[in-house]
Amino acid sequence: MKRMASVGLTILLVLWVSTAFAQKQVRLSIATGGTGGVYYPIGGGMANILSKHIPYAEATAEVTAASVDNCLLVGARKSDMALIMADTGWDALEGKASSRKSFPS
């Protein structure tokens, strides 16, 4: 009898945990660039793949002013991921100022 009770309790626990995770929704923002550039369609493709293959995740490509703004958005935690140029990413990592905006140190 105790064994059946523990099996029943285990089944209920598994069902409760799966229901709790099924209700979880993760939203991911991918900072890209303008709609006329290459970053936006790449970010859209990434968002589609992530949304399709990661359970309970919804990813979206966001239109931005590209690399510098994308670094600032990720740094401010307004975007989860970003497409950037390597040199801009290095400058952001080093805290170096760009021609338009400055990166925090």
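Is serine 79 buried or exposed? Serine 79 is buried, with a relative accessible area of 7%; buried means under 20% relative accessible area, exposed over 50%, and partly exposed in between, using a 1.4 Å probe and protein chains only. We'll come back to that serine, but let's get our bearings.

**Before you click**

You're looking at a predicted model, where local features need pLDDT of at least 70, side-chain atom pairs count only at pLDDT 80 or more, and totals for chains, interfaces and linings use all residues. Residues are numbered from 1 along each chain as its sequence is written, and side-chain values use heavy atoms, with hydrogens and water left out.

**Stop 1: the whole chain**

Color by pLDDT, the predictor's confidence in each residue, from 0 to 100. The protein averages 82, and 69% of the residues score at least 70. Now select residues 2-23: that's helix 1, where confidence is lowest, at a mean of 58. Helix 2 (residues 39-53) is where confidence is highest, at 95.

Walking from the N terminus, the order is α-β-α-β-α-β-α. Of the 105 residues, 23% count as buried.

**Stop 2**

Select the 3 strands, which form an open, parallel sheet in the order 2-1-3. Strand 2 (57-62) and strand 3 (81-82) stand at the edges with a single partner strand each, so one side of each is left without a neighbour in the sheet. Helix 2 packs on this sheet, touching strand 1, strand 2 and strand 3; contact here means heavy atoms within 4.5 Å. The direction of helix 2 makes about 175° with that of strand 2, where axes are lines fitted to C-alpha atoms (for helices, over the stretch in contact) and angles run from 0 to 180 degrees between N-to-C directions.

Look at the pairing next; two strands pair if DSSP finds at least two bridges between them. Strand 1 and strand 2 pair over 6 bridges, and serine 29 has threonine 60 in strand 2 as its bridge partner. Strand 1 (residues 26-31) and strand 3 pair over 2 bridges, with alanine 82 in strand 3 as the bridge partner of alanine 31.

**Stop 3: strand 2 and its end**

Show side chains on strand 2: Ala57, Ala59 and Ala61 make up a covered face, while Glu58, Thr60 and Glu62 make up an uncovered one. Zoom in on glutamate 62, which counts as partly exposed at 32% relative accessibility. Among the residues that glutamate 62 touches, not counting those up to four places away in sequence, are Ser29, Ile30 and Thr32. Glutamate 62 and threonine 32 are 30 residues apart in sequence, yet 5.9 Å apart in space, C-alpha to C-alpha.

**Stop 4: helix 3 and serine 79**

Select helix 3 (67-75). Ser67, Val68, Asp69, Asn70 and Cys71 are buried there, and their cover includes strand 1, helix 2, strand 3 and helix 4 (86-94). After helix 3 comes arginine 77, with a positive phi near 60°.

Finally, back to serine 79, in the loop between helix 3 and strand 3. Leaving aside neighbours within four places in sequence, serine 79 is in contact with Ser29, Ala31, Leu73 and Val74. Draw a distance to serine 29: the two side chains make a polar contact at 3.3 Å. That term means a pair of N or O atoms within 3.5 Å; within protein, one must be able to donate a hydrogen and the other to accept it, and residues adjacent in sequence count only if both atoms are side-chain atoms.

Methods
Helices (H or I, at least four residues) and strands (E, at least two) are DSSP runs, numbered from the N terminus.
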